[in-house]
Amino acid sequence: MELVTDLKVYCFRIPGSVLASHPLVLTALSSLNSDPLSEASVNVVSELIHYAATPSSGGAPVQMPLIQVIAPQVMSLKAHLKDSSKDEEDIKAIARLFADMGDSYVELIATGSDESMLIVHALLEVASHPEYDIASMTFNFWHSLQVTLTRRDSYISFDNEASIEAERNRRLQVFRPAYESLVSLVSQLVEGLNFHFLL
């Protein structure tokens, strides 16, 4: 808990570009590879994920050096989501980090870049987990992404109506397969829950 408190104090005093190489941050990120997973590290990385997207920090564009350090470290945990030897609490912690990235970086993810689609596929992995408590961690992200993709001000940087419409259509096409997969996964999850209640 002290690590998280220290981090909150440091965040508001150190620019994102410096924070990205701060020993406290690097220690927390490297500790994500420990077995079992360090709860303190997960809490610190979760705080960093949220911090990098807050308006008071300058938001994602300003905090991109920090995001570029965090995202690969969290992405390296994706294989553990399907690892049956992993403790369920570890799986929940990893799923939480992916959900935090999705929720915090939804505006960046909504651009449909190749990098952002890696996070989307990881969030589909979380949504495919048979435990409802884990799979449901992603539901807020999927709703926020849908709102962002259909909201007109998401395309404010495009200078005319034709460009806006073309970009909106491109993004909708990019994300269509992910939403089709999500519908299938949620249907399976609901069927599993219904079966469980019938027993």
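1. Let me start with the largest pocket, which has a volume of about 310 Å³ in this predicted model. A pocket here is an open set of points on a 1 Å grid over the protein atoms alone where a 1.4 Å probe fits, with protein on both sides within 12 Å along at least five of seven lines. Grid points are joined across faces, edges and corners, and the volume is the space filled by probe spheres set on the points.

2. Which residues are closest to the centre of the largest pocket? They are Ile-67, Ala-71, Glu-115, Ser-116 and Ile-119, out of 15 lining residues (lining means having an atom within 4 Å of a point). Helix H6 (64-75), helix H8 (106-109) and helix H9 (114-127) each give two or more residues to this lining, and H6 supplies the largest share, six residues. By type, the lining holds ten nonpolar residues, four polar and one charged.

3. A word on how to read the model. It is predicted, so local features need pLDDT of at least 70 and side-chain atom pairs count only at pLDDT 80 or more, while totals for chains, interfaces and linings use all residues. Residues are numbered from 1 along each chain as its sequence is written, and side-chain values use heavy atoms, with hydrogens and water left out.

4. On the overall fold: the protein has twelve helices and zero strands (DSSP runs, H or I of at least four residues for helices and E of at least two for strands, numbered from the N terminus). Buried residues, those under 20% relative accessible area with a 1.4 Å probe and protein chains only, make up 41% of the 199 residues. Among contacts (heavy atoms within 4.5 Å) between residues at least 6 apart in sequence, 62% join residues at least 24 apart.

5. Do have a look at Leu-29, in helix H3 (residues 23-30). Leu-29 is buried, with a relative accessible area of 3%. Leaving aside neighbours within four places in sequence, Leu-29 is in contact with Val-45, Val-69, Ile-70 and Gln-73. The C-alpha atoms of Leu-29 and Val-69 are separated by 8.7 Å, although the two residues are 40 apart along the chain.

6. Finally, where does Thr-138 sit? Thr-138 is in the loop between helix H10 (132-135) and helix H11 (139-150), and is buried at a relative accessible area of 0%. The side chain of Thr-138 reaches the backbone oxygen of Ala-135 at 3.0 Å. Not counting residues up to four places away in sequence, Thr-138 touches Leu-123, Val-126 and Ala-127.

Definitions and conventions. Nonpolar A, V, L, I, M, F, W, Y, C, P; charged D, E, K, R; others polar. Buried < 20%, exposed > 50% of the residue type's maximum accessible area, 1.4 Å probe, protein only. Polar contact = N/O pair within 3.5 Å; in protein donor to acceptor, adjacent residues only side chain to side chain.
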